[in-house]
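Trainee: Please take a close look at one helix packing in this model. Then set that packing against the other parts of the chain that can be described.

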Amino acid sequence: MPAGPGSGTGSRALAPRRLNAARGLGDRVFRVQLTATGIAVLAVMAGVGLFLLLRAGQALRARGFAFLTTAAWQPDVHNFGIAAVLTGTVLIALVAVVISVPLAVGTALFISDVAPRTLRRTLVTMVDLMAAVPSVVYGLWGLFFLQQHVIGLSRWLSEWLGWIPLFTVDGTQPGEPLATESVFTASTFVAGIVVALMVAPIQCSVMREVFSQAPAGEREGAYALGATRWGMIRSVVLPYGKGGMIGGTMLGLGRALGETIAVYLIISPVFVIQPHILQTGSNSVSSLIALHYGDASDFGMSALMAAGLALFLLTLAVNFTASTVVARSRSGAQSEA
């Protein structure tokens, strides 16, 4: 006769079975290694920040809040700040992201959903090889080849969009064909294009991996309901890969903020706040450090460390913001799981 619901036998039969998985020596060693690696990464990052803070202390105590609002860079007379170089850094990075994101998204979608299978491996290899090209090569290519071919585009943008302050170029008038071309060289726009080509392969790799993980059942369901390939991508792949798109964009933005050699080769350094992206003259924190590191005095080195600390904190803020947004997305939540 079956046991009643209140009997001890029935309660024991319905109780969930407890699983005790004994961890072997290999599992314990692996867990310790992962924990130590994670702690080491955090320790290195904290060490870098602490080192910069200690080395920058002298300059920060001398300037205080004026360090963020001063555009000039004359550390030997205690007249210096990062207002100009930080503005140039952000503008170059934004130009790069605006150009690179559509390029990276389109390339990633073509590889994951449009290209034939026999061609995908070749395309993936080519994108990865582009990410491995040294930045000095991009800088030389931008300086000696790209810049002279972008002047026409810069002039066209200045003529038709010059009423927007961002595209204004001092010293030229709309529709003036004889305007000197030198006002369009060594600009934020040229540097941004070069940096965009540098960060696009990294963004594309991240986005491609996420797009390829979109559920096959949802893809087939969209086709079964009569969706075209673009309809399937718009309704399935893009919503699923939103986290990867944001993550790849922020990863490229972090790389663009810290790019040094390519920007250093292209721009003409100026220490004034230059909001006109098409006009010659720009600057960035990383190129400032590369330019003045060799001849800096002790106090000048402290000022350069303070500039590096500002760039370090800006990059951390961008990466933490990206991590928060990606973790809330569907693909990000699944990867965390």
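Mentor: Helix 12 (residues 285–292) packs against helix 13 (residues 298–327) at an angle of about 155 degrees, and their axes are 9 Å apart. Here an axis is a line fitted to C-alpha atoms, for helices over the stretch in contact, and angles run from 0 to 180 degrees between N-to-C directions. Helix 12 is therefore roughly antiparallel to helix 13 (under 35 degrees counts as roughly parallel, over 145 as roughly antiparallel, 65 to 115 as roughly perpendicular, and the rest as oblique). The crossing of helix 12 over helix 13 is left-handed, that is, the near helix is turned anticlockwise from the far one by less than a right angle; clockwise would be right-handed. On the helix 12 side the contact (heavy atoms within 4.5 Å) is made by Val285, Ser286, Leu288, Ile289 and His292, and on the helix 13 side by Leu304, Ala307, Gly308 and Leu311. Sorted by class, the residues of this contact are six nonpolar, three polar and no charged (Ala, Val, Leu, Ile, Met, Phe, Trp, Tyr, Cys and Pro count as nonpolar, Asp, Glu, Lys and Arg as charged, and the others, Gly among them, as polar).

The model is a predicted one, in which local features need pLDDT of at least 70 and side-chain atom pairs count only at pLDDT 80 or more, while totals for chains, interfaces and linings use all residues. Residues are numbered from 1 along each chain as its sequence is written, and side-chain values use heavy atoms, with hydrogens and water left out.

The loop between helix 11 (261–266) and helix 12 holds glutamine 279. Glutamine 279 has 13% relative accessibility, so it counts as buried (under 20% relative accessible area is buried, over 50% exposed, and in between partly exposed, with a 1.4 Å probe and protein chains only). A polar atom of its side chain lies 2.8 Å from the backbone nitrogen of aspartate 170. Apart from neighbours within four places in sequence, glutamine 279 touches Thr168, Val169, Asp170, Val183, Ser187, Thr188 and Gln274.

The loop between helix 6 (135–161) and helix 7 (188–212) contains alanine 186 and also isoleucine 164. Alanine 186 is buried, at 11% relative accessible area, and its phi is near 50 degrees, a positive value in a residue other than glycine. Isoleucine 164, at 25%, is partly exposed. Between isoleucine 164 and histidine 276 there are 9.5 Å in space, C-alpha to C-alpha, although 112 residues separate the two in sequence. In helix 7 itself sits serine 205, which is buried at 17% relative accessibility. Beyond neighbours within four places in sequence, serine 205 is in contact with Val127 and Asp128.

The axes of helix 4 (residues 83–114) and helix 10 (residues 242–258) come within 9 Å and cross at roughly 140 degrees, and helix 4 passes helix 10 in a right-handed crossing. From helix 4, Thr89, Val90, Ala93, Ala96, Val97, Val101 and Val105 take part, and they meet Met245, Thr249, Leu253, Ala256 and Leu257 of helix 10. This contact has 10 nonpolar, two polar and no charged residues.

With helix 9 (residues 229–240), helix 4 packs at an angle of about 110 degrees, and the axes are 12 Å apart. Helix 4 is therefore roughly perpendicular to helix 9. Leu109, Asp113 and Val114 of helix 4 meet Arg229, Met232, Ile233, Val237 and Leu238 of helix 9. By class this contact has six nonpolar, no polar and two charged residues.

Histidine 78 is not a glycine, yet its phi is positive, at about 60 degrees. With a relative accessible area of 40%, histidine 78 is partly exposed.

For the chain as a whole, the secondary structure comes to 14 helices and two strands (DSSP runs numbered from the N terminus, H or I of at least four residues for helices and E of at least two for strands). Of the 337 residues, 40% count as buried. Among contacts between residues at least 6 apart in sequence, 72% join residues at least 24 apart.

Notes. A polar contact is a pair of N or O atoms within 3.5 Å; within protein, one must be able to donate a hydrogen and the other to accept it, and residues adjacent in sequence count only if both atoms are side-chain atoms.
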